[in-house]
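Here is a short report on one protein chain. Keep the viewer open while reading.

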Amino acid sequence: MALRRLVLVLGLLAGSSRVGDAQGVVVAPHAVYLDHRTRSGSITLYNPGSEPTEVTISSIYGYPVTDSVGHFMLYLPDSVQAGMPSATAWIDAFPRKMTLAPLQRQTVRLLARPPQDLADGEYWSRVVISAKGGALPVAGADTAGIQVGLNLEVRTIIPLIYRKGVLNTGLAASGLRTSVAGDTLKVRPHLERKGTAAFVGTAKGSLLSASGATVATFQQPIAVYYDADPVFTMPLSGQPAGHYRLRVEYTTERTDIQPELLLRAPPALDSIEVTLP
Amino acid sequence: MRRCVLLTAFALLAVVRALTGQTQVTAIRDLAFGAVIRGVQTTVAPSDPIKSGRLYVRYKIGGQVQVAFTLPTRLNRVAGGGNMPITFASTDAIAQGTAGSSQPVTFDPNNPITFTLQTSADFYINLGGRVTPAANQATGAYQGTVVLTCTFF
């Protein structure tokens, strides 16, 4: 009886991300890190749906920047120029194309073949996982009428980082500014990466009252490849009008990335007086 | 036999654990206009529970996801020899987190948008649109493809 219960629980766990007749893939991990010693890595794909899904793996060069309102977006240069830290040309995926049966898992190996004279540094790419299911069956519809349907395809883009040599990172925070929008405090710093590698970590904000008590917080993962002016939002939840101090700390901590893959740096701090109306 | 089942069960558990730190982008339901009439514009609202396109995205609380649609401007007749214009208005997409407190966000599917996941680690996107068959539109099936690209930061 206990054995049956165990198998049932595991079965439920395995099917927990299944979504009806969905067509798409689950991709793990969030980011792929390769180093010059092993030159390989992998991603795991899983088809949670009840229909086969055709999957294609490709790569592009790009990195996150912030737009005018502080949202991260992927910057994709028109072409890769000499001097750009792109790993795209020398990263291969095996297999590149596959059909995943319902509930099937597939490991995709990523192999790097960097040029012999590759300088020490961090090189970037983005892995694109494209998935599509079968065509919407409008073709067999009544030909006396007009039938219209659109198929949906999905693409997942995750970062790939390749490292050679001893690298370091850091962050300089400046120009901290705030604005109140409804019951939310919008926080915007200017962040500039230091060192030889992208700063991957977490921004942690605290709003302190005049007595020094923490009355509101936010926490958000960040990745600064060159510089960024992100926006963070802090719920104020009915804080009374008055004077406060906002402290923002940037650390190289991430709960979703294995600690040994993170480059460590001293925390960067910034603070500003805030007046709530 | 019992040992074999246990080993299989633990192996399955190991695979489930290996997929932590995962992202998911899934097409749940295609955008289906169904039968349309010549010369009559047909609209599918993103709130339509049957005909709207529906997608599911999962990441992590606090994470940011850039959502970008690649939308067709014309649908091709499957048998060849014709096409039909299709448009997407600035309110034809709605995103909503799965938490009880999540508020729906209406957005323009013609432009990329970045969401910060604050109340839930996953959300649904519904997509509507409109087709305008000509008065002399050839009968038959018309088809196109919508691509959703999700960039995880």
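The model is predicted. Arg39(A) sits in the loop between S2 and S3 of chain A. Its phi is positive, about 55 degrees, although Arg39(A) is not a glycine. Most residues other than glycine have a negative phi, and most peptide bonds are trans.

**Backbone exceptions**

Leu103(A) also has a positive phi without being a glycine; the value is about 65 degrees. This residue lies in the loop between S8 and strand S9 (105-112) of chain A. Leu103(A) is partly exposed because 13 other C-beta atoms fall within 10 Å.

Two peptide bonds deserve a check as well. The bond joining Ala28(A) and Pro29(A) is cis. Pro29(A) belongs to the loop between strand S1 (23-28) and strand S2 (32-35) of chain A. The bond from Phe94(A) to Pro95(A) is cis too. Pro95(A) belongs to the loop between strand S7 (91-94) and strand S8 (97-100) of chain A.

The angles are listed here.

| Site | Angle | Value |
|---|---|---|
| Arg39(A) | phi | about 55 degrees |
| Leu103(A) | phi | about 65 degrees |
| Ala28(A) to Pro29(A) | omega | about 5 degrees |
| Phe94(A) to Pro95(A) | omega | near -5 degrees |

**Strand S3 and its partners**

Which strands pair with S3(A), and in what sense? S1(A) is joined to S3(A) by 3 bridges, and the two run antiparallel. Within that pairing, Val26(A) stands opposite Tyr46(A) in S3(A). S9(A) pairs with S3(A) over 7 bridges, again in the antiparallel sense. Here Leu45(A) has Gln106(A) in S9(A) as its bridge partner.

Ser42(A) gives a local view of this strand. Ser42(A) is placed in strand S3 (residues 40-46) of chain A. Beyond its neighbours within four places in sequence, Ser42(A) is in contact with Thr107(A), Val108(A), Arg109(A) and Leu110(A). Val65(A) is 23 residues from Ser42(A) in sequence, and their C-alpha atoms are 26 Å apart in space.

**The whole chain**

Chain A holds 1 helix and 19 strands. Of its 277 residues, 35% count as buried. Take the contacts between residues at least 6 apart in sequence: 73% of them join residues at least 24 apart.

**Confidence**

Chain A has a mean pLDDT of 89, and 89% of its residues reach 70 or more. Where pLDDT is low, the predicted coordinates should not be read in detail.

Note on methods:
Residues numbered from 1 in each chain as written. Chains lettered and ligands numbered in written order. Predicted model: local features only at pLDDT ≥ 70, side-chain atom pairs only at ≥ 80, totals over all residues. Helix = DSSP H or I, 4+ residues; strand = E, 2+ residues; numbered from the N terminus. Contact = placed C-beta atoms within 7 Å. Buried ≥ 20, exposed ≤ 12 C-beta atoms within 10 Å, placed from the backbone. pLDDT = per-residue confidence, 0-100. Pairing = 2+ DSSP bridges.
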